[in-house]
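Subject: Structure handover

Hello,

Here is the structure I promised to pass on. Please open it first, then read my notes alongside it.

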Amino acid sequence: MHVIIHLHVFMNILHLISSKKEESPKIQKLKESCKDTATCPVSFPKDELRERLTPIQYKVTQEKGTERAFSGEYNKHNEEGSYRCVVCGNRIFTSEDKYNSQCGWPAFSNVLSQEAVTLADDTSHGMRRVEVTCSRCGAHLGHLFTDGPAPTGLRYCINSAALAFTKKTDDANKLMTKKIKSEL
Ligand SMILES: [Zn+2]
């Protein structure tokens, strides 16, 4: 019995050591601050999403698909504003962190808040990557890499089909309307 327990502990330690070696400490730290996908506070019936989303939006967010490189509407999009999850509207990225990585998908060097996304290991397609999902509804957004620009060194490589853009002026107008309404 003792031997089994010791073996189990030993295997766990081995696993910790080996996984630490393979993964960048920066991503490990980010993962620690993220929530579990299973605890997503919002979920939508699949039927509703099939009606509401375009086929590519559905495929990317619900089936972990990837849009063709250079095909997405936000790949070369440079307007000022914020990028939300197309499924639930969660604000995730801002244009201030968007940069041209020339990888074919919208790239961001940071998230608006670390709580907005959940990170998880993704070993599909024979690669070892870090998947980025919306922490509010669990929608697949894209992947996180560590070849981004300073100071974060991060590249959130995100599908346009997973995003909805809100112009900065629209944001400001909405805030103004809210303020006026609350003053009436
Ligand atoms: Zn979402």
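Val130 stands opposite Leu144 in S7. That pair belongs to S6 and S7, which run antiparallel and are joined by four bridges. Strands here are DSSP runs of E with at least two residues, helices are runs of H or I with at least four, and both are numbered from the N terminus. Two strands count as paired if DSSP finds at least two bridges between them.

Two notes before you go on. This is a predicted model: local features need pLDDT of at least 70, side-chain atom pairs count only at pLDDT 80 or more, and totals for chains, interfaces and linings use all residues. Residues are numbered from 1 along each chain as its sequence is written.

**The overall picture**

The protein chain has five helices and nine strands. Along the sequence, the pattern reads α-α-α-α-β-β-β-β-β-β-β-β-β-α. The protein chain has 184 residues, and 27% of them count as buried. Buried means that 20 or more other C-beta atoms lie within 10 Å of the residue's own; exposed means 12 or fewer; partly exposed is in between; the C-beta atoms are placed from the backbone. Now take the contacts in the protein chain with a separation of 6 or more: residues 24 or more positions apart account for 60% of them. A contact needs two C-beta atoms, placed from the backbone, within 7 Å.

**The sheet of six strands**

Strands of a sheet pair through backbone hydrogen bonds, either parallel or antiparallel. In what order do the six strands of the open sheet stand? The order is S3-S4-S8-S7-S6-S5, and the pairing is antiparallel. Strand S3 (98-99) and strand S5 (117-122) stand at the edges with a single partner strand each, so one side of each has no neighbour in the sheet.

Start from S5. Six bridges join S5 to strand S6 (residues 129-134), and the two run antiparallel. Thr118 has Thr133 in S6 as its bridge partner. S5 and S6 form a hairpin with six residues between them. In that turn, His125 has a positive phi of about 55 degrees.

Next comes the hairpin of S6 and S7, with five residues between the strands. Here Gly138 takes a positive phi near 80 degrees. S7 also pairs with strand S8 (residues 155-158), in the antiparallel sense, over four bridges. His143 stands opposite Cys157 in S8.

Five bridges join strand S1 (residues 81-85) to S9. Gly81 has Lys167 in S9 as its bridge partner.

**Helix H4**

Which residues of helix H4 (residues 55-63) are buried? They are Gln57, Val60 and Thr61. These residues sit on the same side of H4 because they cover an arc of only 85 degrees around the axis. The arc is taken from the directions from the helix axis to the C-beta atoms. Pro55 and Glu63, on the other side of H4, are exposed. The buried residues of H4 pack against strand S7 (140-145). After H4 comes Lys64, with a positive phi near 55 degrees.

Best wishes
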